[in-house]
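Let's take a walk through this model together, from the overall picture down to single residues. Have the viewer open and follow along.

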Amino acid sequence: MSFMEVTLQLLDGFKTTLLIFGVTLVFALPFGLVITFGSMSKFTPLRWLTRTIVWIIRGTPLMLQIIVVFFGPGLILGMQAFPRLTAVLVAFVINYSAYFSEIYRGGIESIPQGQFEAGQVLGMKKPQIFFHVILLQVIKRIVPPMGNEIITLVKDTSLARVIAVTELVKAAQDIVGLKAIIWPIFYIGAFYLLFSGILTLIFGYVEKRLNYFRG
Amino acid sequence: MPILEVKNLYKKFEKVDVLKGISFTLEKGQVLAIIGSSGSGKTTLLRCLNFLETADKGQIIVAGKTVFDSDSQKVLNEQELRQNRLHFGLVFQSFNLFPQYSVHKNITLAAELLEKERWKENKCSNEEKKTALSAISENADKLLAQVGLTDKRDSYPFELSGGQQQRAAIARALALSPDVLCFDEPTSALDPGLTGEVLKVIKNLKSSDRTMIVVTHEMEFAKNVADEIIFMSDGIIEVRGDAAHIFENSTNEKLNAFLLKPPEEM
């Protein structure tokens, strides 16, 4: 196989990698915030329930979660609930929402109480305080840990191959197995490096844009 | 009719009684200074007035309207609580400006949000909206001039000195024209050299239609600016009177002991 042929075939797998990455971000970013509100709720049962779920999600391997989402419904209900790729997406969104929610919580709790109180004495409603006063300060504070987590996500997408979804690593392994050439598996490192390099630049840009204020 | 009437206010944290029956009245246009040692309940009193804490017992009446009554069974909805809050303004010890907004935006933000809610309730033409927003903006500029920060209009809080930040916070608290403006040790977080500018601004705010309550450790300020002074100790009002009464003629032992202490121990 020529270099060009390998590249094209890998790009096909890379599309799936990008899809898992993109869908996970689009859903887990807002869904994580919902979980944050649950785990910060003043209503104790809701808080404990949310924190227990977060513990289970963070306390088990993502690979296992993918397997459970894919095979679990079949074992319990006797029917397959999701196609392979959908199962991967569901598992990823749940997993990353849990991680993001904890980063959000850390960010929100690090904002001085005085910011909330200043909003209150100015007669702002709670959602107004959150969206107009707190949120941007939280975003500024969580850009570095979020960057970490999102770059981890780039590489975690390779776990999808555990239920035979052909993402980048599996695409390379398929070539290695079929054509008896080893180099494509090393070559995919460049894809990941390039991808995370671009993300690093984006995070740097966001950090710089938010540097116009302190606090 | 007094602008503010506080009746028998009690507040307990865990097992500590912080306020043990505070009652006083305040006439419109008066400046009330509250002095007393740390832990005497001064700040808690201000926080109860501003609904940052809920008093356990007592009543708060503003211009004849009961805004807090522990005996009332009625649970206030958020809208009512907000209306009640807007009777009071609070300037914090640590300023608490919103760091991501310019000084001007810090002052206009709350008023703009209120205004935009009004739009949701009743239809307004774009013309009306524009006029309303520019009125809010002009009011902010007026307040900035009043606290001497016109040239810092577009600066961000981190670019200001502590004294400037506190003056901006005062302008922000004034933006919604509260009936009673409260100051919680407004100069305690400032370098000694910066307290003067802030105290001067507060002094200049004194006018016939502006009522203020200032919790302070600045005895000179209390003496010169306040119409009345309250000395609090252990959650009760020990002495109340004008400057002469407090600083010269008092026979109250706790007050005299407090006044003899060097400032850093207060």
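Throughout, two residues are in contact if their C-beta atoms, placed from the backbone, lie within 7 Å. This is a predicted model, so to say: local features need pLDDT of at least 70, side-chain atom pairs count only at pLDDT 80 or more, and totals for chains, interfaces and linings use all residues. Residues are numbered from 1 along each chain as its sequence is written, while chains are lettered from A and ligands numbered from 1 in the order in which they are written.

Start with chain A. Among its contacts between residues at least 6 apart in sequence, 72% join residues at least 24 apart. Chain A has eight helices and zero strands, where helices (H or I, at least four residues) and strands (E, at least two) are DSSP runs, numbered from the N terminus. The C-alpha trace of chain A spans about 70 × 50 × 20 Å along its principal axes. Of its 215 residues, 32% count as buried; that label needs 20 or more other C-beta atoms within 10 Å of a residue's own, exposed means 12 or fewer, partly exposed is in between, and the C-beta atoms are placed from the backbone.

Phe130(A) is partly exposed because 17 other C-beta atoms lie within 10 Å. Its C-alpha atom is separated by 41 Å from that of Ile76(A), 54 residues apart along the chain.

Now for chain B, which has nine helices and 10 strands. Its C-alpha atoms fill a box of roughly 65 × 50 × 35 Å, taken along the principal axes. Buried residues make up 41% of chain B. As for confidence, the mean pLDDT of chain B is 87, and 98% of its residues reach 70 or more; pLDDT is the predictor's confidence in each residue, from 0 to 100.

What about the inside? In soluble globular proteins, nonpolar side chains tend to be buried together. A nonpolar core here is a set of buried Ala, Val, Leu, Ile, Met, Phe, Trp, Tyr and Cys residues joined through C-beta atoms within 7 Å. The largest one has 78 residues, and those with the most contacts inside it include Ala33(B), Cys182(B) and Phe231(B). Helix α5 (residues 162–174) of chain B supplies the largest share of this core, six residues. A second, separate core of 30 residues includes Phe70(A), Ala98(A), Ala160(A) and Val165(A).

For some local geometry, strands β4 (residues 57–62) and β5 (residues 65–69) of chain B pair in the antiparallel sense over four bridges; pairing takes at least two DSSP bridges. Val62(B) has Lys65(B) in β5(B) as its bridge partner. The two strands form a hairpin with two residues between them, and Ala63(B) in the turn has a positive phi of about 50°.

Finally, see where the chains meet: 21 residues of chain B are in contact with 19 residues of chain A. On the chain B side, α3(B) gives the most, with four residues. The predictor gives the complex an ipTM of 0.89 and a pTM of 0.86.
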